[in-house]
Amino acid sequence: MFSVCGLTQAPEAILWDMDGTVIDSEPEWTRASRQVVEENGGLWQDDDVKRITGANKQDHGKALSAAVARGGGKDPGWQVLFTSVVEHVERHFHTDTQLMPGAGEVLKAVHESGTKQALVTASPASMVKALEKVMVRELGYFPFEQTVSAEDHAKGKPSPEPYLLGAKKLGVDILNSLIFEDSPTGIAAAKASGANFVDLRNVSLAELAKEL
């Protein structure tokens, strides 16, 4: 599998994005964001999907505020709007959210190989806890030795800070790590970190799973 990723040897660790990479949650984030914007009198547009995909919580929240202002609604503040979106997503997370195709197979194979794995996400810690239940349901265990969530870093993606912290928590060199990402914001963070990375917009985990 790693040769398909452009590597000549196995990495010390794999750092995983969460939404749209491990779990198929991007549609739910979009649905919840649109609902919160419209509940506050805002106007949601198709381009807003691009603005929130892979965004850190502040950028996501500010995109919500802009959409509320666009529709002439009353903006309660980006933090309030983002918290409302998280609450909407969490209500559906446990029962409705599925792993991305191929994610379970790749996660399991890497886990069984002994390679370290960390989850690095722009989502809050509460979503990581929700993911644990999904992973136990799907795999029988939580495959990540370390996690990095929105509360753990001052700068979110596209800054490399979250991935650098993930490598540090695992005790590995970021230059010997591999990152799986699916969004432009996440890819920018991966590039800036200096790690090897796989752009899942070009090759899917389902395709990589066939190489196991």
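1. The buried residues of helix H5 pack against strand S1 (13-16), strand S2 (116-120), helix H6 (125-139), strand S4 (177-181) and helix H9 (205-209). Here helices (H or I, at least four residues) and strands (E, at least two) are DSSP runs, numbered from the N terminus. The model is a predicted one, in which local features need pLDDT of at least 70 and side-chain atom pairs count only at pLDDT 80 or more, while totals for chains, interfaces and linings use all residues. Residues are numbered from 1 along each chain as its sequence is written, and side-chain values use heavy atoms, with hydrogens and water left out.

2. Within H5 (residues 103-113), the buried positions are Ala103, Gly104, Val106, Leu107 and Val110; buried means under 20% relative accessible area (1.4 Å probe, protein chains only). Viewed down the axis of H5, these buried residues fall within an arc of 165 degrees, so they line one face of the helix; the arc is that of the directions from the helix axis to the C-beta atoms. After H5 comes glycine 114, whose phi is positive, near 90 degrees.

3. The domain assignment gives domain 1 (2-22 + 100-210) and domain 2 (26-93), with bounds that come from an automatic or database domain assignment. Their C-alpha centres lie 25 Å apart. Contact (heavy atoms within 4.5 Å) joins 16 residues of domain 1 with 12 residues of domain 2.

4. Where does the largest pocket lie? Domain 1 and domain 2 both give residues to its lining, so the pocket lies between them. A pocket is an open set of points on a 1 Å grid over the protein atoms alone, with protein on both sides within 12 Å along at least five of seven lines; lining residues have an atom within 4 Å of a point.

5. The largest cavity holds about 220 Å³ of space. Of its 21 lining residues, the closest to its centre are Asp19, Gly54, Ala55, Ala122 and Ser123. Domain 1 and domain 2 each contribute at least three residues to the lining of the largest cavity.

Conventions:
Buried < 20%, exposed > 50% of the residue type's maximum accessible area, 1.4 Å probe, protein only. 1 Å grid on protein atoms, 1.4 Å probe; cavity = no way out; pocket = protein on both sides within 12 Å on 5 of 7 lines; lining within 4 Å. Points joined across faces, edges and corners; volume = space filled by probe spheres on them.
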